[in-house]
Amino acid sequence: MLFALALGALGGCAAVPPAAAPAGAAVDTRACGLSPAAHHADWRRFRGAYPYHIQGVALSDASPEGVRTLILAEPPPGVTFKDIKEAAPGLLVKPHACYHRVGYDGWTRDVVATLPRLDEAQLAEVVGGFQRLLFQTAYKAYVLGIPSAPPARRESDVLDLQVTAAELQQWVFDASERFSPIDGGPEAPLETLVQRGEPGVYLSDSPGLVAWVIPRDRPFEDSAVEARQFALESDILVGAAASGQALVVLGRERSVGVDVLPPLRTETLAMLAAVKQTELGQSYERNSFLAGRFDGKRDWAPIYLSPELIDTEYGSLLNITDQLLKSWSNNGLTRYDNFDYPDPPRWPFPAPLASHVGAQSLTFNWNTYGMGAALDFGSHELITFRSTGALPVTYIAPEKPTDTYEDEAYGYFREMNDPNLVRVAQYAAFYQLFRRFEVPTRAPAPRVASDAQRRVLKEETLKLLKGLRDASNDELLEATKRGFAELTAAEPEERRIRIQRGAAAMLANMASRLRTLGAGSGDAALDQLASDIALPREAGEEVGVILTRALAPELGDKPELIGQLLRRITDLDAVKNRYVKAATLRKGTWIHTPTAVVSWNEVPLNDAVGGHNLDARVARFRFSPHVAPDHVEVIQEGASKVAVLNPFDLGKVSEVLRTGGKGAAPPPARSRQVALALPEGPRAPSSRGFTLDDTTAVHKRQLGGWRATGERPSAAQSELVDLFSGDDAPAAVVTRRGGALDVAIRGRRSSYQVSSLSDVTDLLRSAAKARGGKEPMIIHIERMSPDEAHALVKTIPLREKASRRAVTVHVEEGSAKRLGEVFREECDLSRAKIGEPRVVRLQGGAQRIAIDVDIPVARPARGSLTVRIRMLFGRLTESTKLLVERLRRVVSRERSAAPATFEQLTRDFHRELQRIDPDGKVEVWVDEMKHDGVVLEDRGDGAQGTARQPG
């Protein structure tokens, strides 16, 4: 493993790390127009621009030979190397994994390959396939470039928002504000969305807000596509509302580019939804018995992560922001191995905090205290967050007040607008939301962390205790000479000898106690002591207390001295290396969180510990007119306290969170644009939500996927949609327009721009899901060649295996022949078949009748042409059997001289049917045309669908 990590440190691309090789990662030996050195250089540039975490598809510019480097950065867990190869069969040249080092022994894993020369349509198809593999949707798909520098946050990018409870309440209950689905469905007030609970992602009609409706009776996994859509369309979580039916998450409409503030990851949100306990934690275990200085300058410590966080993006982010808290609080004088984070423009304090406070030791913690508040309004709850720029800060110094420093630091870190600090706060907010409203999930309980590393600490501690117990006095003296050589090098010889002998005497006393401890019980008592010292979390006591009681009660007022003395005679470097080597990798992940931290101080600083304490519990508020204005009453409900305020004090909730109710004053009223720090000026419908206009130029690239245009379908599209939609099946019209595709769907206010055939399927799947999967769909294809249309049809399964919906596809030829030409030149009316009529009785006595006329074409290989004739009668005076006979007579008359167009055949049908009731209302139109198309039908056996030629 160390060899692979060394390569990562040099920026190289390690094919596989020991003990972590993905299955099937053999190198493809086919010829490639781009040398491995070239695409490794592209990958190194990419990771130079994104040194920590980034997920997505990246493409280089084409070489003179037309080939490109493809990078799939940090795929989600569950996506295998085999899945990636099968997503573009035969196209990926030399795909392999590259490992990018993060922290001391952590890494991220990317897949790097070369793509051959492809035209724009082929490239869009490939990229769209990878987007669906990584994100389960190609909605607003984009690709990253291979930049030469990290993306730069613009001065106008504001990441720290403080939306008040009063502002959130106003937005939720503003009946005049409508929210429209991002895929063009009917609009509704936000309060209606909260109570109705239908899943989806919505944009406020007035720019600024994105709402994600998560039904509370469905597992989170069913909302995976909506999670991705919300993460794209919004950039900052600002609050939430919840009823018994749904949790509605509110975000700011994206104004910061995805290169600066990438979309939140669906798999991380799913992990947080699966956590059932109310606390998560991360810390550098500086007080671990075997943690400490190992080479004269640098210290090491194990890293603790809650089991759910191990080998996850969030666990890695917590390590990164822990280092930011300690390093920046100490004015950059605390440094970490492989953590070359840019220094901020200023430090939070005039001197390192420990020196500034004058404390001998200091605890640094990120926490969630006072971060979120739940406001109970009876029919619903609002969740508001104190700030979005960073988690609250806690400093703990024995016998030193730190409140002022905490407030200063919290303001400082928020003002930095650091994307990683913001991202950690965002995920913490989601953790509180998911636990507060118990969002269900199908995910299994997280795997308990491997005990291999814990066993190393216990074994090394036991080895030290046994060595101490069995050592002679002379051996102990020699050990102290070696252990204290560097520390006492500058001391006069007499003092140096005194220190060494004093330490050896203390060790001898400890050895004597250990021999007494083992008397009569063998090594059992020693084993237990080693376990307690090595794993104090499990023992439930501090290491110093355990050491003092067992080894040196006379040093009760200086317990840290015992550990320091024992570590001086221990090879901590060897312990560190063995500990790191014992790390195990969670199956299926592309991220390995560091298990150890290595750091040093540029100048001597006092001891510092800390980490993250993430609590899912939020402060609770209720409102009652019985409470006087400007007062807060606290009542106990079970294990929770609830603050009760007067309804007129809603605007003070945020200040109550900050001050505990002391000196709270409502903030001034603000417009939504000011509250959300929105860009000035109107946004065109096509520029709502996520657009690449917000990304920096060197990172901008758009390819693949689908998006609503914000424009209504054309009159021609609307006419076709209405024409083909059945009573129980809405229609979609797919039209080829140059290099792109236009799609119009019944019931959607917006048309759609689609990049590839597979992306059409993804859009239609989303539309089917929005209808609950209860209705079939009719898809009309026009201006495509038969080959392209057939390729689309093959990708068209729209539903999960368990559904029973049918999808009917009709193809209108474009680049080859129009259907009218096919009808005129190739239809064989002599073998036409008229199906049984289907009758629907309408109000007022009217009847609607649909009849299929199946007309084979001259070339059997081309299948058949089916014309569905739909007729509307004011009243029908004869039986449907006689009606069919009349239609057959029309077909018989036409067999000798086929009509030139569909319209002529329709007119002939109309004239014949008008004779049934000359004074009544008879309308006839072509309702469905299928040619060389495919009907997908669910056989009920769990198959995705079978294809057959119609007729």
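These are my notebook entries from a look through this structure, which is a predicted model.

**Overall make-up**

I started with the chain as a whole. Its secondary structure comes to 28 helices and 37 strands. The chain has 951 residues, and 57% of them count as buried. I then checked how far apart in sequence the contacting residues sit. Taking contacts between residues at least 6 apart, 70% join residues at least 24 apart. For the surface I noted an accessible area of about 39,900 Å², with 51% of that belonging to carbon and sulfur atoms.

**The 11-stranded sheet**

Next I traced an open sheet of 11 strands with mixed pairing. I wrote down the order as β6-β5-β7-β8-β10-β9-β17-β16-β22-β24-β23. Which strands stand at the edges? They are β6 (188-189) and β23; each has a single partner strand, so one side of each is left without a neighbour in the sheet.

I went through a few of the pairings one by one. β7 (residues 200-204) pairs with β8 (residues 209-215) in the antiparallel sense, over 4 bridges. Y202 has A211 in β8 as its bridge partner. Further along, β16 (residues 372-376) and β22 run parallel, joined by 4 bridges. Here L375 is bridged to F621 in β22. β22 also pairs with β24 (residues 640-645), again in the parallel sense and over 4 bridges. For that pair I noted R622, whose bridge partner in β24 is V644.

**Q282**

I looked up Q282 in strand β11 (residues 279-284). Is Q282 buried or exposed? Its relative accessible area is 1%, and the cut-off for buried is under 20%, so Q282 counts as buried. What does the side chain find there? It makes a polar contact with the side chain of D322 at 2.9 Å, and another with the side chain of H612 at 2.6 Å. I also listed the contacts of Q282 beyond its neighbours within four places in sequence: Y304, L305, L318, N319, D322, G611 and H612. Both polar partners, D322 and H612, are in that list.

**Two positive phi angles**

Then I turned to the backbone. Most residues other than glycine have a negative phi, which made two entries worth a note. K94 is not a glycine, yet has a positive phi of about 55°. K94 lies in strand β3 (residues 93-102). D630 is not a glycine either, and its phi is positive at about 65°. Where does D630 lie? I found D630 in the loop between β22 (619-623) and β23 (632-637). The relative accessibility of D630 is 58%, and exposed means over 50%, so D630 counts as exposed.

**Cavities**

The largest cavity holds about 100 Å³ of space. Its lining comes to 14 residues, with S234, D235, I236, L264 and Q426 nearest the centre. I checked which elements supply the lining: α7 (224-233), β9 (234-242) and α12 (419-436) each give at least two residues. β9 has the largest share, with 4 residues.

Conventions:
Residues numbered from 1 in each chain as written. Predicted model: local features only at pLDDT ≥ 70, side-chain atom pairs only at ≥ 80, totals over all residues. Heavy atoms only, no water. Buried < 20%, exposed > 50% of the residue type's maximum accessible area, 1.4 Å probe, protein only. Polar contact = N/O pair within 3.5 Å; in protein donor to acceptor, adjacent residues only side chain to side chain. Contact = heavy atoms within 4.5 Å. Areas by Shrake-Rupley, 256 points an atom, 1.4 Å probe, with all protein chains shown as cover. Pairing = 2+ DSSP bridges. 1 Å grid on protein atoms, 1.4 Å probe; cavity = no way out; pocket = protein on both sides within 12 Å on 5 of 7 lines; lining within 4 Å. Points joined across faces, edges and corners; volume = space filled by probe spheres on them.
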